[in-house]
Each structure stands twice: as structure tokens, then as C-alpha cells.
Amino acid sequence: MSDIKHHIPENLIAAYASGALGHHFALVVATHVSMCTQCRAALAAHETIGGLVLEDLDAQPVSMGVKSNLMAQLDAPIEVEPAPKRMGAYPGPVMGALGGDVPKWRSLGFGSKQSILHNDATGSVRLLFIPPGQAMPDHGHNGLELTLVLQGSFHDEDGAFGVGDVEVADEDVEHTPIAGNGPPCICLAATDAPLRFSGLVPRILQPLFRI
Amino acid sequence: MIAVRDQRDKTAFAQLFDFYAPRLKAMAVRTGMRSDEAEDIVQEVLLTAWRKAAQFDPERAQVSSWIYQIARNRQVDLVRKERRPVPEELKLPDADDEDANQVLGLEQETSQLKAALSTLSEDQRIVVEKAYLGELSHSEIRDVTGLPLGTIKSRIRLGLERLRHELKELR
Ligand SMILES: [Zn+2]
Ligand SMILES: [Zn+2]
């Protein structure tokens, strides 16, 4: 996995570290970091600054009982929730979002499928499954879109993306990702705004598929 | 922290409390929490630090950054009422196998970063503080005011590569 070429932008890693990044993008960042040493190191660097900021904050006196209360709990038995484990192409954070289960795919036509992991007013995050050589509908973006390849590959106007690569697309990008030959392309895709489709048919389907 | 991790040393943990509890409280209050709510968070964060101490790896993180990370996770969980997605944990090398050079190197990089932070103008410092307390959105965080992150990144990466190498040999 050392041949990842497209990484998470620095400002998104910093925002993830600080907790300011929305849930949908946070899932993509956590998943990419699970696959990428370079971004794991970058995240740790931002957390180092976070730690320095924490050290530097003006201390606020803590009530008397808090310490003794805490010390008394140290020997209590621990219920550890096991962290979600990677399964096949799906790293731990994705398995967490899937609730430990296999994806529930819904057809998008022509063999393409999607499985929505999370969708609300602030955006959405989903898994996409595109058969080799198939195109994703041509679309523009009203906001930011992150697409992380989990299996296979795709290419578009912006380049080629293999396992672990993230494509970052914003308002200025209009693209038609096409899945590469080889295994079907499975992506984790997050947006903070609905996509704009240029073809008529996808636009009609949009409310249906909640893309 | 190492004493907390390896000897489950409660005196050492009490010292950790004395330093971090008032700062964690300040951090929670800053996000708009009442004093009693903030103190609940302080307890939860430090209890998590105690329980997850085995995962603390000085080759990759300073104590402050590790606690910062636990605190941010907890705060996001509370705000969103759902689990924050976190990266897969990496396995740890044996404690007695820790590379002292790597630990020392990370410490040095961190103090250099600290020194760099102290040379920032007041305005820049405020921006950095806001950014890392979660008060700026990703589009507001531009280049994080040109902090020299490169060297610490490569230092941390070294620790990661070493870890990965060891994991490979285990297999
Ligand atoms: Zn990366
Ligand atoms: Zn797109």
C-alpha cells in the first residue's frame, strides 16, 4: 500500500484532528489513514500540535471531588468494546459504519450498485460498486466530494486512482470516473452537498437514489 | 505515562490528573459546556487514558497529543451522539523493545514545534488555538499558518515504518 499517490489534503487532516470535520468526511479520512502511513504520520503531527495547544491552555480549577471520584474508578472492571475489524476490502472504520455487516447494495443500473452508509442534511457517505470499464454518471459538485478507492481502480479527467487513493473534487470539477479493468471498483465516497448531474436521466433518478 | 502504562502506577496517574484535568476542563468549557459537564468529560477522558494506557506508544505520540486525541474523540461523540470514525489501531511493539532514539527524536521534534509555536504572532497563535480546539471548519483552516510540520511528520513516519517492519517479521 505504499504506492498511494493521492492523499487527504492537509487542511482536512487538521480539521479531522480537531474534531471539526463533518461525520461523512471524517469516515473517509479515518479509512484512508487506516491504509496510509504518510497520512497517519500527518494526523499524528497535527495531534502533536493539538497536544501542545492543550498543554498551553489556561488551567481551570477542577472541583474537589473529581480526582478522588476518578481514582476510585481505576480498579473497576472494564467493558472494552472491540474496535471494528477490517473485512476484505473494507477497513475498520467502514466496517464500523456498516455495523460489522456486509454492505446492503442497491442497484444503480448497468451493474453499478451503492450502499448508503450515512445521509443527512450536512451531506452523505456511501459505498459505490462499479463493474470494470463502467462509467459513473457524469456530474458536477455543489460542494466538496472525497472518493477513496477500496478495491480496483478508476480514472477520470483528473488522473488514475488505485487502492488507497483519494480524489478530491470541488465546485470546479466536472468528471466522469470510469472503473479500471480488473476487479470491480469499490469506492467510499462522501459529499457535503448533493451532486449535480449533467445528463437528463440521472437527474430524474437523483431523488430516487439520493445521490 | 510510561509508569501508568507498564506498572499501572496510580501515583503517576494522579500526577497526570493534576496537570491535565484543569486543561481538559478549560478545553471543554471553551466548547460551551457548563462547568459540571466539563468535569464529567475530564473524568471520562482521563479514565479512558488509564484504561487504554497499553495503547500508548511514545515512538509515535507525546502524552499531550495522545490525551488531546482521546479528548477530541469524546467530545465529537457527545456532540454527534454517535461514534466518531477512528482509524484502525496499529499493533504495538513490545514495551521493552522500544527504540529510545526514536522516542528521544520525537521528543526533540515536539520541542522544536513548541518553540516554533512560541514565535508566532499573537494573531497567528489565536488562529492555531482556534483550529485545534475545533473552532475552525476545514475550509477556514488553510495552511495552518505555515507551521513546520515536515520534520515531525517524517519522525513519526519513521516510528510507523519500524512498527510495520516488525509486524511483517511477526507474520
Ligand atoms: Zn495518505
Ligand atoms: Zn464527483
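Two strands count as paired here if DSSP finds at least two bridges between them, and the strands themselves are DSSP runs of E, at least two residues long, numbered from the N terminus. This is a predicted model, in which local features need pLDDT of at least 70 and side-chain atom pairs count only at pLDDT 80 or more, while totals for chains, interfaces and linings use all residues. Residues are numbered from 1 along each chain as its sequence is written, and chains are lettered from A in the order in which they are written.

I'll start with the sheet in chain A. Strand β6 of chain A, residues 154-156, pairs with β9(A) over 2 bridges, in the antiparallel sense. A:F154 sits opposite A:A179 of β9(A). The open sheet has 3 strands, ordered β7-β6-β9, with antiparallel pairing. β7 (159-161) and β9 (178-179) of chain A are at the edges with a single partner strand each, so one side of each has no neighbour in the sheet.

Next, the contact between the chains. Taking contact as C-beta atoms, placed from the backbone, within 7 Å, 53 residues of chain A touch 61 residues of chain B. On the chain A side, α1, α2, α3, α4 and α5 each supply at least two residues; helices are DSSP runs of H or I, at least four residues. α3(A) gives the most, with 16 residues.

Last, chain B. The UniProt annotation "domain: RNA polymerase sigma-70 region", from an unreviewed entry, covers residues 17-84 of chain B; such annotations may be inferred rather than shown by experiment. That span of chain B is 72% helix and 0% strand, and its end C-alpha atoms lie 25 Å apart.

Technical notes
Two residues are in contact if their C-beta atoms, placed from the backbone, lie within 7 Å.
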